[in-house]
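Good morning, colleagues. Please take a moment with the sequence and the structure before I turn to selected contacts and ring pairs.

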Amino acid sequence: MVWKGRKTGIFDTWDECKAQVLMFEDASYKSFPSRAEATMAFNAGYNATKGTKTKASSGSGAIVSKSNIVKNSISVDAACSGNPGLMEYRGVYTHNKQEIFHQGPYKDATNNIGEFLALVHALAALKKQGKEDVLIYSDSKIAIGWVKKGKSNTKLEPTGRNEIIFDLIDRAEKWLQSNSFKNPIAKWETRSWGEIPADFGRK
């Protein structure tokens, strides 16, 4: 049950609840043994649950076991040989690693740029498909931060071979500036879950 999150209310599964609270600042949520108890607690408000035996959780979701991975999600990742170097990025369905999109390789780019472009590509595709409830995983805090700010912070220099990269960055930033999105973006917990499903396997 969620008092504060992307959507509030009573949810029947942890996956549904987690999609509302994961990476949502100051989220407030709690589990109950029955829908009746959850309804009573929801109507009473979050403050009324403080001090009870099963404490309400507040935060961005610290439980990181594999059972917490949201199935209704896609994962994105990038790979770059060198810095700068040859870069490509892709998105896959998290549950079965089926590839949804794959772009590149592009010359004289960076991994952070690839992660950023992959996130924006996923957001734009999901919005176009009307699937704004689908969660997106990325293992890059930097790229997630750039998306939240609506602008990349790359120090990449033009080389004459990477004009397309600067064009893609410009298009991605313009998309973020002119579009709102509801899809939750979550950090993939590599230490607990292993490599992100979209990983290129080149480490």
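I begin with L135, which, leaving aside its neighbours within four places in sequence, is in contact with L22, V70, N72, S73, I74, P184 and A186; contact means heavy atoms within 4.5 Å. This is a predicted model, in which local features need pLDDT of at least 70 and side-chain atom pairs count only at pLDDT 80 or more, while totals for chains, interfaces and linings use all residues. Residues are numbered from 1 along each chain as its sequence is written, and side-chain values use heavy atoms, with hydrogens and water left out.

L135 lies in strand β7; strands are DSSP runs of E with at least two residues, helices are runs of H or I with at least four, and both are numbered from the N terminus. L135 is buried, at a relative accessible area of 0%, where buried means under 20%, exposed over 50% and partly exposed in between, with a 1.4 Å probe and protein chains only.

I now turn to the rings. Searching the whole structure gives five aromatic pairs; rings of Phe, Tyr and Trp (its six-membered ring) pair if their centres lie within 6.5 Å, and planes under 30 degrees apart count as stacked, over 60 as edge-to-face and the rest as tilted. The planes of Y137 and W193 stand at 80 degrees with centres 5.8 Å apart, so this pair is edge-to-face. It joins distant parts of the chain, with Y137 in strand β7 and W193 in helix α6, 56 residues apart. W188 and W193 are also edge-to-face, at 4.8 Å and 70 degrees.
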